[in-house]
Amino acid sequence: MKRRLFLASASAAALPLACGRKPEFPFSGELVGPDLALGHRLQRDGFPEPDGFEPLPVLVVGGGIAGLSAAWRLSGGGCEDYQVLEMEPEPGGTSRCGRNEVSPYPWAAHYLPVPDRGNHAVIRLLEECGLVRGYDAQGEPVLPEEALVRSPEERLFAYGQWWEGLYLRAGASSEDERQYHAFFKEVDHWAAFRDGKGRPAFSIPRARCSDAQVVRDLDRGSFATWLDERGFDSPRLRWFLEYACRDDYGSRLDSTSAWAGLFYFAARKQGPGEDSRPLLAWPEGNGHLVGHLRGVCGSRLHCGLAVTAIRPVRGGLEVSAWDAARGRSLGWRVRRVIFAGPQHVARWLIPGLSDARPASRLIQNAPWLVANLTLRNRPRESSFPLAWDNVPRDSESLGYVVATHQSLRDYGPTVWTWYRPFAGPDCATERSRLLAMDWQSCARMVMADLLRLHPGLSNLVERLDVMRWGHAMVRPAPGLLWNAAFLDLAAPFQGIHFAHTELSGIALFEEAQDHGLRAAEEVLAALGRPGRSWR
Amino acid sequence: MIVSDTRGLPQPTLRAPLLFISVLLIASCGLIYELVAGTLSSYLLGDSVTQFSTVIGVYLSAMGLGSWLSRFLQRGLAQRFVDLELAVALVGGFSAPILFQAFAHTHAFRVVLYGEVMAIGTLVGLEIPILMRILKDQVHFKDLIAGVLTLDYIGALAASLLFPLLFMPKLGLVRTSLLFGLLNATVGLWSSYLLQSQLGPTRMLRLRCLAVMAILALGVGLAGKFTLAVEEEIFADEIVYARDSAYQRIVLTRGRGSFQLFLNGNLQFSSADEYRYHEALVHPAFAVNPEARRILVCGGGDGLAVREVLKHPAVREVVLVDLDPAMTDLARKQPMMRALNGGALDDPRVKVINADAMIWLQEAKGEPFDLALVDFPDPNTYALGKLYTTRFYRLLQQRLTREAVISVQSTSPLMARQSYWCIAATMEASGLRVRPYHLAVPSFGVWGFALASRRDFLPPGTVLPGLRYLSDEATAAMFAFPKDMDRVPAEANRLDNQVLVHLYAREWRKWS
C-alpha cells in the first residue's frame, strides 16, 4: 500500500517534468545550408593533397548564376570540355530553390525584370527557356502573361491593415504627393539621359551604363545625402526609397550610393514617363532559371565539391577540391580557371591575390535571414487581399512573398518566403549576430514579425525552415561602384578569370550572368575560340 | 444549511405565484438577448463557434457580476426591480438594431458587441437575486429556490426552442430583440401592480413603464423601414441553410413564394426567375452547335445549368468543375435545390470535379469538349478576376474542339457596362470570335452573356422547343444592344493587370 502510494506520488511529481516543457511553437523546422563548417575549415585548416591532377582545359569554380552562365557560354562557344564545381549540395547560389509537397519555393532571389531589347543575354536565356512569345514593333520581347507577376503584385501593412501597392497613398499630404512626383521626375531625368556615345545613365547590366563624369559623380555621396540636398524629406517617400535599398542592396539610405539608389528606379525604365519593366516570377523564384542552366551543364556540374586551393604552375593552374561526402581530395591541372565565387573566398584560395588587389577588401556583403513557412491554410483577410509581395511598413523585415501566387492557387496550403536583410552599418557585426542565432531564435524573430500582421498564424504553420546567408549580397556603398581599383577586380589574374555579381557592386541576376559571360568569353578567346559576343 | 420554518413568516401580502411567472418571462428574455448577440455576431463576423463561445462567456460572467452587485442594493427593492426591468427592456430590446448599426457605420463592432453583452448580462444578473430577496419573506427558502430556479430553466428552454424555430425565421433578429424588450417592460408594468404593497406612489413609475413600452413598440413598427438594409436584404427571408465553407459563405433563404441562393452575400439566383438566366446561358450555345456531345461546365455548382444541358438528347458526357464541394453537395442533397435542378448532378452522364477551374484547365488532359459553359460569380475579387483573363480563355480553348462553342456569364451590360465589354474584349484578345447578348432577369436586372467560338459563326437561329423563356424570336432579340448598353472601348483583362476587378468595383459602387 505504501509502495503504491509512493509510486503514485513519484509519477505525479514526474508528470510536470515530462509534459511541462511545452514546445514554444506548434511546428517544427530546421536550419538549412550554406555549410558554414566547411567554409570555416577552408579558412582555418588544411585539406589532404589529391592523389593526382587530371588535365582539363577549363574549370569553373562556383555553381551560382555567374558560374552556370559561364558554363552556358562555354558550351555555346563550342568549348564543351569543362567542369563546374559547387561547394553546396545544390547549385544556384542565392537563386537556389527548395521544394516540398505544397509547392516549390525560393531561398532568396525570386524575380527577374523583363529585359529590354538591348539586354541580349537575358533575352537569349529566356528564349531558350521557351518564354519569349515574339517581339513587338519596337523589337521589345513579348512575354506570356502567365510568366509575369500576377496581379495583385504588392501590398503594404500600415495602420493595422493592408493597402494596395508599396507606396502608402492613404493619409499622404499634398506635400508628400508633390515630393513623390518630384522624385520620379528626377528618375525620368536620368531615364532620358544619354551620353556622347548614346549610352543611358542607368541600364541593366551596368556594363551598358554611361561612364560620363556627371553620372559617376552620383556615386560620391549617399542616397540619403542626395535626397537631403534636394529637399526630399517626406517620411513616406523616404520609407519607400529605403525599402528599395534594403530590398535590393541590404543597406539603408545612408549606406547606399546615390548612383545605386537611382539605378534601382531608372535602370528598369526604357525612357522618361514609362512604367518600370514588368517582373517575371516563378513559384520557385529564380530557381526556375537555375533549372535550365544546370541542364546545360549536365554531368559536368559537381555539387558538394569545395575547392581548397588554386595554385599557378608552369603552363597553367592546379586546382584541389575536397569531396566531403567521400572524404577525399580531387585535383585538376587546367589551362584556365573561371573563379565564380566571392572575393573573400578568392583571397583565401589564390596565393598573392590579397596583396596584389587590396581593393577586394572594399567589398562588404550584407547578411540575410530567409525563412520558408509552409502553411496548411491561409489566414483570414479583411483588408486588401493577399498579394505576391506582402510588406510590413513598421518592420526590419521585408515581409513575405507567396510561392503559390504564380501557380494561380488562391486557396488552401501555401509557402511563404520571409526576408530580412541585416542592414546595420557594419556587415561583420551584423554577420556575427546572424550566425549566432539558432533555429529557435530565428523562428522567434520570424514569428514576432508575422504575428503582428496575422494574429493566430502559428496554428497555420506546418513548418518553418531557415537559411542564414552570411554573405547574401554586395552593398553598393558610396564611392565603391566607380572606384577604379574595385572595377579592376574583374580583370584576369594569372590565368584566373573572375565572375561574380559582387564585381558589379550590385547583386542582380543580370550582373552575375554578365560577368559569367564576360569571363567565359575571355577564356574562349584565350583558348583560340573567339566568337561573337553574347553580351 | 439554512433551515426555514413557516412559523414566524408574515402572511403573504404579495401574489407570489404570479411573481413566479415573471421569473419565467425574464428568464426567456435574458436568453433571447444572448442568442440574438451570438447569432448576429456569427452572421456578421463568421466563425460561429468562436462567436457563440465568446458571447456566452462574456454574458455569463456579466451575470455573475450583476449577482454580486445585487448585494449593494439595500432598500426599495420593489422599485429597483421595476426600474431594472425597464433598463433591460431598453438595453436588450435595442441590442440587435444597435449592433447592426455599429457593424455598418463604425469600425468598433466588437467593442460595441461585447459592451452590449456585458451590459445586458449585468442587468439580467441583478434580476433574480433581487426578485428572490423580494420573495424571501413570503415563501419558504426551499420552495423559493426550487420555484425560482425551475422557472428560470424552463424559461431558458422555451426561449432556446422558440428562437430558432419561430422568432428568427418569422420575425428576424431586429424584431425579435425589440419584442422581447417589450416583454421585459411589460413585466415591469405588471410588477408595479403585483408589488404595490411594497411600493410608494406608483403613478410616475407606471408612466415610465408605458413610455418605455411605447418606444419599443414604435421600434417594432418601424423595424421594416428602419435603415436595417443589411438584415432586411439578406436575412428578412427565412434562412433555410447557412454555412461557411472553406471558400465562401453559402446562404439559402426562402420567402415570397421562391427561394434564393447567396454566395458571400451576393445573390446567385432566385428560383422565381432563374430559368431565364439558365436558359439564356445554355441554349444559344447549343443552337450554334446542336450536336455537342461532350460538355464542360466551369462553375455552376448549383446544377441549374446542367439541368438545361441535359435537355439536349445528343449530350453524352458533362464535366462540371466547381471549386466548392459544399456547393455541389448542397445542390445534390438539399431538397429544395435538388427539386429545382432535378437531381442533375446525379445524372449518370454528369461528372463533378471540385477544383479551381483555372488550375484544372492547366493540368487536365483527355478528349476535348464540344461546348463550354462558363458560369462564375461576378469578378469582385482577384481570385475570381483571374477566371476572366485572356490566360483563362486561352487555357479553355486548349481543352476544346475546333468547332466548340463557349457561353460566358459576363455581368450586367447596363449596371457595369464597361466591365461587360471588358470581358468581351478579353475573349477577343484570346483569339475568340464573340457575339454578346443580354436579357432581363428580374431579380438581377439586365444580364449579359457572351457567345464565342474559335471560328466565325452565325447567331443562333433555332433553339430547343418547349423552353419557358426562349423562343426563336426571343433568342434573336437578345443579340440586339440598345444604345445605353452598346459597346464601349475596354482594355483586355490579363493576369498581370486584372483591370476588370478594379473596373467592376468602380461600376457597381454606383448602385450600392
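1. Where in chain B does Thr411(B) lie? Thr411(B) sits in the loop between β9 and α16 of chain B, where helices (H or I, at least four residues) and strands (E, at least two) are DSSP runs, numbered from the N terminus. This is a predicted model, in which local features need pLDDT of at least 70 and side-chain atom pairs count only at pLDDT 80 or more, while totals for chains, interfaces and linings use all residues. Residues are numbered from 1 along each chain as its sequence is written, and chains are lettered from A and ligands numbered from 1 in the order in which they are written.

2. Thr411(B) is buried, because 25 other C-beta atoms lie within 10 Å; a residue counts as buried if 20 or more other C-beta atoms lie within 10 Å of its own, as exposed if 12 or fewer do, and as partly exposed in between, with C-beta atoms placed from the backbone. Neighbours within four places in sequence aside, Thr411(B) is in contact with Asp378(B), Ala416(B), Ser419(B), Tyr420(B), Gly448(B) and Tyr504(B), contact being defined by C-beta atoms, placed from the backbone, that lie within 7 Å. From Thr411(B) to Met132(B) the separation is 279 residues in sequence and 63 Å in space, C-alpha to C-alpha.

3. Chain B has an open sheet of seven strands with mixed pairing, in the order β7-β6-β5-β8-β9-β11-β10; two strands pair if DSSP finds at least two bridges between them. Its edge strands are β7 (350-354) and β10 (433-441) of chain B, each of which pairs on one side only. On average, and with direction ignored, neighbouring strands of this sheet are turned by 15° against each other, angles being taken from 0 to 180 degrees between N-to-C directions and axes being lines fitted to C-alpha atoms, for helices over the stretch in contact.

4. Within that sheet, strand β5 (residues 294-299) of chain B pairs with β6(B) in the parallel sense over five bridges, and Leu296(B) has Val319(B) of β6(B) as its bridge partner. Strand β6 (residues 317-322) of chain B is mostly covered, with five of its six residues buried. The pairing of β10(B) with strand β11 (residues 445-453) of chain B is antiparallel and has nine bridges, and Val434(B) is partnered there by Ala452(B) of β11(B). Helix α16 (residues 417-429) of chain B packs on the sheet, where it touches β9 (400-409), β10 and β11 of chain B, and its direction makes about 5° with that of β11(B).

5. In chain A, an open sheet of eight strands, again described by mixed pairing, has the order β1-β20-β16-β19-β18-β17-β9-β10. The edges are taken by β1 (31-32) and β10 (161-164) of chain A, each with a single partner strand, so one side of each has no neighbour in the sheet. Strands β9 (residues 154-158) and β17 (residues 389-392) of chain A pair in the parallel sense over four bridges, with Arg155(A) opposite Asn390(A) in β17(A). Helix α13 (residues 427-435) of chain A packs on this sheet, touching β16 (365-375) and β20 (461-474) of chain A, at about 30° to the direction of β16(A).

6. Helix α3 (residues 65-76) of chain A has ten of its twelve residues buried, so it is largely enclosed by the rest of the structure. The elements covering those buried residues include β2 (54-61), β3 (82-86), α10 (287-297), β15 (328-339) and α16 (509-526) of chain A. Just after α3(A), Gly78(A) has a positive phi of about 85°.

7. For α16(A), 16 of the 18 residues are buried, so this helix too is largely enclosed by the rest of the structure. Gly528(A), which follows α16(A), has a positive phi near 80°.

8. Helices α5 (residues 174-192) and α9 (residues 258-266) of chain A have axes that come within 9 Å and cross at roughly 85°. That angle makes α5(A) roughly perpendicular to α9(A), since angles under 35 degrees count as roughly parallel, over 145 as roughly antiparallel, 65 to 115 as roughly perpendicular and the rest as oblique. The contact is formed by Val187(A), Trp190(A) and Ala191(A) of α5(A) with Leu262(A), Phe265(A) and Ala266(A) of α9(A).

Notes:
Contact = placed C-beta atoms within 7 Å.
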